[in-house]
Amino acid sequence: MFTVEQESDHQKVVVMDETGAFEDLEMFIDDDGRVWIRQFDETNGEFSLIIITWHQLMDIIAALNSPEGLFVTKIRNVISGGSR
């Protein structure tokens, strides 16, 4: 289960663990291409934070459907318009 919220300068995605075993994962996608991912750490009482680029996020998504090996991804800007 997840939520998506659009703010003025970023998009926020919250992914919830439906089993309740893990804390929510929060991802903030800034307009400048930075991706912030954080999850609350009960042991330390604070958020664990990583910051990656949009390209790294796309690599993670591509890796989910890839066989073993080394891959290079190329991001294309596709502008769609008209009827589909």
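The model is predicted, so local features need pLDDT of at least 70 and side-chain atom pairs count only at pLDDT 80 or more, while totals for chains, interfaces and linings use all residues. Residues are numbered from 1 along each chain as its sequence is written, and side-chain values use heavy atoms, with hydrogens and water left out.

**Strand β1**
- Glutamate 5 lies in strand β1, residues 2-6 (strands are DSSP runs of E, at least two residues, numbered from the N terminus).
- Glutamate 5 counts as partly exposed because its relative accessibility is 34% (buried is under 20%, exposed over 50%, partly exposed in between, with a 1.4 Å probe and protein chains only).
- Leaving aside neighbours within four places in sequence, glutamate 5 is in contact with His10, Gln11 and Lys12 (contact means heavy atoms within 4.5 Å).
- Phenylalanine 2 is also placed in strand β1, and at 59% relative accessibility it counts as exposed.

**Aromatic pair**
- The structure holds 1 aromatic pair (ring centres of Phe, Tyr or the six-membered ring of Trp within 6.5 Å; planes under 30 degrees apart are stacked, over 60 edge-to-face, the rest tilted).
- Phenylalanine 40 and phenylalanine 47 form this edge-to-face pair, with 5.4 Å centre to centre and 80° between the planes.
- Phenylalanine 40 is partly exposed at 30% relative accessible area, and phenylalanine 47 is partly exposed at 38% relative accessibility.
- Arginine 38 lies over the face of phenylalanine 47, at 3.8 Å from the ring centre (CZ of Arg or NZ of Lys within 6 Å of the centre and within 35 degrees of the ring normal).

**Surface patch**
- Phe2, Val4, Val15 and Leu25 form a nonpolar surface patch with about 360 Å² of accessible area together (Shrake-Rupley method, 1.4 Å probe, only the protein chains shown counting as cover for residues).
- Patch residues have over 30% relative accessible area and no salt bridge, and nonpolar side chains are joined within 5 Å, like charges within 9 Å (a salt bridge is a side-chain nitrogen of Lys or Arg within 4 Å of a carboxyl oxygen of Asp or Glu).

Definitions and conventions: Helix = DSSP H or I, 4+ residues; strand = E, 2+ residues; numbered from the N terminus.
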